Amino acid sequence: MVKSLVSIIIPTYNEEKVIDRLLVSINNQSYPRIESLVIDDSSTDGTLKIASQIATVVIKRKHAERSIQRNYGASISHGEYLLFLDADMQLAPDVVSECIQRIQSDASIGAIAIPEQPIASNFLEKVKAFERSFYSEKGDPDTDAARFFPRKLFQKAGGYDETITGPEDWDLPETIVKMGYKIGRISTRIRHYERIPSLLSLIKKKYYYGLSSHRYFKKHNLSIVGPKTIYFLRPVFYKNWRQLVRNPILTVGMLVVLALEQLFGGLGYLVGKIKRV
């Protein structure tokens, strides 16, 4: 029996320090039929050179948001299944195999969420890794975002919404759930190397993501006051309060960072809504 082809799509921009690690981990998958597509945003470093030596397909395109790059990659790929990754990730050998087994075992599953293992080097990265550890241990419905999709369902759902940057990772799985499917989950984790050079870079990103978030809330008829948007309303923190108590320094750091992200993300939301960004 011929196994289904899986297309792995990776948007990149100046990722020479990390792209080889991801591509090598893709080539080392236990699942035998994979193509990797790097959709590059006109990198000025060695990303294209490195990727062209390892990936199946490398395409250089003019500047576009990652949703556009992901959709383009999907459009030129050949796989029956699509997996979307970031350049700073690394796959355990059985990630693709486990995704295939999970989605083919249950016809009601329309997408697969893959838990992440954050890898941190500086204190700020350790703070964010600590926060994400609450979500990835057993999964969290408020923060989980699926990455693995059947092509036909991805196309039927319209792919990634190209008018949204930031919440698009939530938008597509929620659209698939509205179509009558559920989101599955595997146990094998993706190693995700946190790259946060400064607090300023982090809050600038949150502000930028906030600019188009009003479209996401309107599209899904969501309140702006809820656990997806108000970090301190997420039940996962309170259910695991012992973890907070055991790590007082990281807990204080997390609270400060979340408060700043909340402030600047909310500011971006207001600016985007008022100016119709």
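Buried means under 20% relative accessible area, exposed means over 50%, and partly exposed lies in between (1.4 Å probe, protein chains only). With that in hand, select Asp169: this residue is buried, at 18% relative accessible area.

A word on the model: it is predicted, so local features need pLDDT of at least 70 and side-chain atom pairs count only at pLDDT 80 or more, while totals for chains, interfaces and linings use all residues. Residues are numbered from 1 along each chain as its sequence is written, and side-chain values use heavy atoms, with hydrogens and water left out.

Asp169 forms a salt bridge with Arg66 (a side-chain nitrogen of Lys or Arg within 4 Å of a carboxyl oxygen of Asp or Glu), and their closest N and O atoms are 3.8 Å apart. Asp169 lies in helix α7 and Arg66 in helix α3, so the pair ties together parts 103 residues apart in sequence. Helices (H or I, at least four residues) and strands (E, at least two) are DSSP runs, numbered from the N terminus.

Next, bring in Glu168, whose side chain meets that of Arg66 in a salt bridge at 2.3 Å, N to O. Glu168 is buried, with a relative accessible area of 0%, whereas Arg66 is partly exposed at 22%.

For another stop, pick Asp106 and Lys182, whose side chains meet in a salt bridge (3.0 Å, N to O). Asp106 sits in the loop between α4 (95–104) and β6 (109–113) and Lys182 in strand β9 (residues 182–185), so this pair links parts 76 residues apart in sequence.
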